[in-house]
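Subject: Structure handover

Hello,

Below is the structure I said I would pass on. My notes on it follow.

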Amino acid sequence: MSFNTYYETVKIALKDRMAYRLDFLVDMLINPFVFLIVQFLWTTIYAFNAVSTIQGFTLQETITYFAISQIVGFFVWTWIVGMVGEVIKFGDFARYVLMPVDFFWSMISEAFGNKLPSMLIKAPVLLLLLKLFFDIIINTNPVYLIMFIMSLLMSFLLYNVFFFIMGLLTFWQESYFLFELLGVAALNFFSGALIPLDFYPGFMKTIVNILPFKYIYYSPIMIYLEKFTINESLSILFQQLIAFIILYFIAKLLFRIGRKKFTSQGG
Amino acid sequence: MSALSYIKQQIIIGLTSRAEYRFSFFLFIFLSVVLGFLSIFVTYAVYDATGGGVPGWSFYEITFMIGVYTFIRGIYEMFFVIRYMPGEIRRGDLDMDLTKPLNLLTLYVRFDIDNIGRLITAFLMFWIAVPNINLQLSLFNILYFIFLVIIGLLAMFAVDLFVITFAFFVTNVNSIQNNLDNIRSRFCRWPMNLYPKSMQLFFTFVFPIIFIGFVPASFFLGKEIIFAYWLSPIIVIILTLLSIKWFYYGVAKYTGTGS
């Protein structure tokens, strides 16, 4: 098992992804159009309520929040739950057991390779387009930008280890689809992907603060917006790392238990 | 086999296949309802955080409108699965469908019971909203509302048919489908009068999603819209006919995928 093995997996997944250039182009053209809803909705809300800030967010910050939320989506969203689920469901898992690779890192490498075009092309191009057509904040502070990128990479790992766990649950159910749905529901409710968590009513704020989902969307966006001091941002990066380590060990444990169940069924 | 008995068979198949995995089915329905409620949760959070929300619409009125949208979408996707056609074209399965002695579009009337979650969500939304809104109740209004819901179903069909027809010319339309679905579900969750007139016209005459939720809900709530309510059926019927014409043009140009 060497780094080269995972590097090759990333390269193959990247090539596979680049075969869908039309999808890529359509995504690029339609995303700014979808963003119009954010612009009109929030401009109306701020004007109608005659406020300059809502829960500490100016209009420009709110619009930027949604723009960066799309960028985070381009970085983190993968179909690892289906990749893991299908490997288990259709018996390919036996092949992975025999191969000298770690199942988790092999899946993560494939997901990362699939995501690279989005990270390196889609995200910067969309940011540029949104800046051209909408009044969003472009953060040029190098310290915050570095912390934002580090935070995005941690978000990628957190998202993928979480959905990897959801995929592993296929060992105990006939389909991963339910777990995918469960994961999407949890992520949408608790991560800040749809709306800043500061806008949530009081009781929900308590719940989201306990759960690790906020580290996937909310935390990197807040770092980008410089809503945290440098020390607070570093602390967030550390918390993301801890959350990842905990989820990673849960994934390892589930994998070990699931693998025994898989062997006992004969694959 | 007639079209009706074909549809009846599809409903029986849909029910029996789901009865095999009851636990998964009920969990799936529960999760669909949870996900469905996400949109009104976001609306609630906006109203809670701002105090006033959006002009001209209360939280409960928007909940009602999202309920109408969810209901129309639930009914449509429960019985009409034309969205799967691009996949069948890609795999070469459509070639077989074309040899069957039924209209091609009839073959895509199936019974997808999974959408029952959407209908439950819609009824829960109505249950929350209706006691808190002022519905313009009269026999005529109820009947015309039902008629507008049917027009909404037709609008869903027109949009879907228009998009999937591209699959006859380019092999992979996944991205177009996903993105247009994204546009539909995002724009239909807020009142259309938040957007400029040009966009309202675009969503009326080009991509008629204004009829899936906003128009029927506005009618029942007694709200003004940018054109007369009686014009809705005419616009949607014309767009549906154009979509059908476009679809059969695509079928005529289809030469198979070589699978």
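Helices here are DSSP runs of H or I of at least four residues, numbered from the N terminus, while strands are runs of E of at least two. This is a predicted model, in which local features need pLDDT of at least 70 and side-chain atom pairs count only at pLDDT 80 or more, while totals for chains, interfaces and linings use all residues; side-chain values use heavy atoms, with hydrogens and water left out. Residues are numbered from 1 along each chain as its sequence is written, and chains are lettered from A and ligands numbered from 1 in the order in which they are written.

B:Ser32 first. This residue lies in helix α2 (residues 22-50) of chain B. B:Ser32 counts as buried because its relative accessibility is 17% (buried is under 20% relative accessible area, exposed over 50%, partly exposed in between, with a 1.4 Å probe and protein chains only). Apart from neighbours within four places in sequence, B:Ser32 is in contact (heavy atoms within 4.5 Å) with A:Leu181, B:Gly117 and B:Thr121. C-alpha to C-alpha, B:Ser32 is 6.7 Å from B:Arg118, although 86 residues separate them in sequence.

Next, the cores. A nonpolar core is a set of buried Ala, Val, Leu, Ile, Met, Phe, Trp, Tyr and Cys residues joined through side-chain atoms within 4.5 Å. The largest has 179 residues, and A:Trp42, A:Phe103, B:Phe64 and B:Met85 have the most contacts inside it. Helix α7 (residues 142-168) of chain A gives the largest share of this core, 16 residues. A second, separate core has 10 residues, including A:Leu181 and B:Phe28. Setting aside neighbours within four places in sequence, the contacts of B:Phe64 include B:Phe126, B:Phe145 and B:Phe220.

Helix α3 (residues 59-79) of chain B packs against helix α7 (residues 139-164) of chain B at an angle of about 60°, their axes 10 Å apart (axes are lines fitted to C-alpha atoms, for helices over the stretch in contact, and angles run from 0 to 180 degrees between N-to-C directions). α3(B) is therefore oblique to α7(B) (under 35 degrees is roughly parallel, over 145 roughly antiparallel, 65 to 115 roughly perpendicular, the rest oblique). Among the contact residues are B:Phe64 and B:Phe71 of α3(B), and B:Phe145 and B:Met156 of α7(B).

In chain A, the axes of helix α4 (residues 80-89) and helix α6 (residues 103-133) come within 10 Å and cross at roughly 135°, so α4(A) and α6(A) are oblique to each other. A:Phe103 is one of the α6(A) residues in this contact.

Regards
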